[in-house]
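Visitor: I would like to go through this model with you piece by piece, asking about its strands, its packing and its rings.
Guide: Please do, and let us have the model in view before the first question.

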Amino acid sequence: MIFPMIDDYYILLVVPTLLLSLWAQFKVKSTFSKYSKVSSSRKITGIDAANLLLKTSNINDVRVEAVGGTLTDHYSPMDKKLRLSDPVYNSTSIAAIGVAAHEAGHAIQHATHWGPLVLRSTLVPVANIGSRFGPILAMVGLFMTGSESYGSFSSMIFNIGILLFSGAVLFYLITLPVEFNASSRALALLRSNNVLTEQELNGAKKVLSAAALTYVASALTAIASLLRLILLSRRRR
């Protein structure tokens, strides 16, 4: 008997989180688009905001550069480069400044060896392997369950898959405080350096909150997928 890929646990647990992910993606794009049309009163660009926050945080070894695409902004700890997408790099919009400040927040986390960021960086290889192979091994173990020919071997394969996937889930969970903290740092620095007015800060906060929702949705999807595999295993046994 071939084990179905779509089951009641998938529908009850995973599908709602996937729908939340789709809504979160729509929310971040629409919110970013809305505040991309609102220029900041000081006319500071994304790159200027990032450089200013890095400088006031005594970080002088991080280079800010452009990267193609939209919402592809990120900070790379490996080469200490803060990359800003086309709609952010030279834009003076509230959305652009908020995103640039958020990435600067990650650079500050890295410079100060902030614990959760260090842990997340350590888990990157585990997360890559776990998210790719964990569910596959777990499903293979489930397919083999019930066959006397495999016995404990199927349980071992399943447990290895669950262990690997749990590492990926842990990565998603640790990502949440890392992202929330980067946004908190960004808004605080934008306020203390008078980059944005209070009204403009509210707009930037909405952009960053919408972006944070995508990480929440990803974490919930990972948790739901892990729980589904565990429940399927118990049912099969």
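Visitor: How many bridges join β2 to β3?
Guide: This is a predicted model, in which local features need pLDDT of at least 70 and side-chain atom pairs count only at pLDDT 80 or more, while totals for chains, interfaces and linings use all residues. Residues are numbered from 1 along each chain as its sequence is written, and side-chain values use heavy atoms, with hydrogens and water left out. Strands here are DSSP runs of E with at least two residues, helices are runs of H or I with at least four, both numbered from the N terminus, and two strands pair if DSSP finds at least two bridges between them. β2 and β3 run antiparallel, and the number of bridges joining them is three.

Visitor: Which residue in β3 is the bridge partner of Y75?
Guide: β2 and β3 form a hairpin with four residues between them, and K80 in the turn has a positive phi of about 55 degrees. Within this pairing, H74 has R83 as its bridge partner in β3. For Y75, the bridge partner in β3 is L82.

Visitor: Why is one side of β1 and of β2 left without a neighbour in the sheet?
Guide: The sheet is open, with three strands in the order β1-β3-β2 and mixed pairing. β1 and β3 pair in the parallel sense over five bridges, with V67 bridged to S85 in β3. One side of β1 (63–67) and of β2 (74–76) has no neighbour because both stand at the edges, each with a single partner strand.

Visitor: At about what angle to β2 does α4 run?
Guide: Axes are lines fitted to C-alpha atoms, for helices over the stretch in contact (heavy atoms within 4.5 Å), and angles run from 0 to 180 degrees between N-to-C directions. α2 lies across β1 and β3, running at about 155 degrees to β3. α4 lies across β2 and β3, and its angle to β2 is about 25 degrees.

Visitor: How far apart in space are V28 and T214, C-alpha to C-alpha?
Guide: V28 lies in helix α1 and, at 8% relative accessibility, counts as buried. Not counting residues up to four places away in sequence, V28 touches A210, A211 and T214. V28 and T214 are 186 residues apart in sequence, yet their C-alpha separation in space is 7.7 Å.

Visitor: Is the pair of F171 and Y172 stacked or edge-to-face?
Guide: Rings of Phe, Tyr and Trp (its six-membered ring) pair if their centres lie within 6.5 Å, and planes under 30 degrees apart count as stacked, over 60 as edge-to-face and the rest as tilted. F171, at 18% relative accessibility, counts as buried, whereas Y172, at 31%, counts as partly exposed. Their ring centres are 6.2 Å apart and their planes stand at 75 degrees, so the pair is edge-to-face.

How values were computed:
Buried means under 20% relative accessible area, exposed over 50%, partly exposed in between (1.4 Å probe, protein chains only).
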